[in-house]
Amino acid sequence: MKDEIDGEVFEPDYFQDNIKSMYSMATEVDSVVGDVIEELKRQGTLNQTLLIFTTDNGNLHGEHGLAEKWYPFEESLKVPLVIQDPRMPKSKRGTVSDAWTLNVDLAPTMLKAAKIEPSFFMQGRDIARLYLDDPITDRKSGGKGGSIKWRKDFYYEWNMGDPLNASGHPQTGFIDAAQALITDEWKYIYWPEQDFEQLYHRSIDPYDEWDLIKKDNRQNISSFSAIMDGGSIQTTQAVYEELKAQFLKLRARVMAGRPV
């Protein structure tokens, strides 16, 4: 594999080889998944098996001038998640959920399916709560059952240095440390090594192309000075302050090892 640090990943010939290899690998994965399902059918255990199809990250193919993964942009963040669960009600099979699920949810989900309680230090949630018919009781709902309380945002981080300012991060200038808060409507990104912030309005800018904080955009955001958000009108400044406060709160929660 060529040296990506020297920029060869962006050379046309290497880029074409990389993309072709990646798509070939995806085709191979698809074939292997088919083999696994056929073997489960042969054993007569398909309808007794929890199947989870997902991956660890998305991939950038030149968007934002970047390649590979690690970054808090949409192409890198989003991954497929397909679940076949014999416990799933027929009414939920084949449906799509818009709820935020994270990689930290996978272990608790599998443990719960095996009737094993997740360890206290695990931060994720049981995804099956989103599709099982059983009444849900959540401490946030005051102990009342029947409604699912789920996360409305999540914290993202790529950082191998100091938890707050990323000092000592070994890939500075190659893959810089990044932290972010993502909601249905917004994305706030913080690059701790540069003390640099970005703000994107996800619902109308799904590919993070218009940074509302960037100075060059200040003169162009007059149409964003009043924004409908959850039925109320907020200024861009108010949205920024609200998101940053939630970002700091959630970052502290994650660093304390608390459930998310």
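**Figure 1. Leu250 has its place in helix α4 (residues 236-255).** This is a predicted model: local features need pLDDT of at least 70, side-chain atom pairs count only at pLDDT 80 or more, and totals for chains, interfaces and linings use all residues. Residues are numbered from 1 along each chain as its sequence is written, and side-chain values use heavy atoms, with hydrogens and water left out. Helices (H or I, at least four residues) and strands (E, at least two) are DSSP runs, numbered from the N terminus. With a relative accessible area of 11%, Leu250 is buried; buried means under 20% relative accessible area, exposed over 50%, and partly exposed in between (1.4 Å probe, protein chains only). Leaving out residues up to four places away in sequence, Leu250 touches Asp153, Phe154, Tyr155 and Leu181, where contact means heavy atoms within 4.5 Å. Tyr155 and Leu250 are 95 residues apart in sequence, yet their C-alpha atoms are 6.4 Å apart in space.

**Figure 2. Four strands make an open sheet in the order β5-β6-β7-β8, with antiparallel pairing.** The edge positions belong to β5 (153-158) and β8 (196-201); each has a single partner strand, so one side of each is left without a neighbour in the sheet. On average, neighbouring strands here are turned by 15° against each other, direction ignored; the strand axes are lines fitted to C-alpha atoms (for helices, over the stretch in contact), and angles run from 0 to 180 degrees between N-to-C directions. Strands count as paired if DSSP finds at least two bridges between them. Antiparallel β5 and β6 (residues 178-183) are joined by six bridges, and Phe154 has Ile182 in β6 as its bridge partner.

**Figure 3. A hairpin is formed by β7 and β8, with four residues between the two strands.** The pair is antiparallel and spans six bridges. Look for Trp186 and its bridge partner in β8, His201. In the turn, Asp195 has a positive phi of about 50°. Five of the six residues of β8 are buried, so this strand is largely enclosed by the rest of the structure.

**Figure 4. The largest nonpolar core has 17 residues.** A nonpolar core is a set of buried Ala, Val, Leu, Ile, Met, Phe, Trp, Tyr and Cys residues joined through side-chain atoms within 4.5 Å. Tyr71, Phe73, Phe154, Tyr156, Ile182, Ile189 and Trp191 touch the most other members. Two or more residues each come from β5, β6 and β7 (186-191). Another core lies apart from this one and has 13 residues, among them Trp186, Tyr188, Leu212 and Phe247.

Figure 5. Most residues other than glycine have a negative phi. Asp208 is buried, with a relative accessible area of 2%.

**Figure 6. The second largest pocket holds about 660 Å³ of space.** On a 1 Å grid over the protein atoms alone, a pocket is an open set of points with protein on both sides within 12 Å along at least five of seven lines, whereas a cavity is a set where a 1.4 Å probe fits but cannot get out; lining residues have an atom within 4 Å of a point. Grid points are joined across faces, edges and corners, and a volume is the space filled by probe spheres set on the points. This pocket has 24 lining residues, with Met22, Met25, Ala26, Thr55 and Asn57 nearest its centre. Both α1 (12-43) and β1 (51-54) supply at least two lining residues, and α1 gives the most, with 11.

**Figure 7. The largest cavity has a volume of about 40 Å³.** Of its 10 lining residues, Phe15, Asn18, Leu60, His61 and Ala67 are the closest to its centre. At least two lining residues come from each of α1, β2 (60-61) and β3 (67-68). The largest share, four residues, is from α1.
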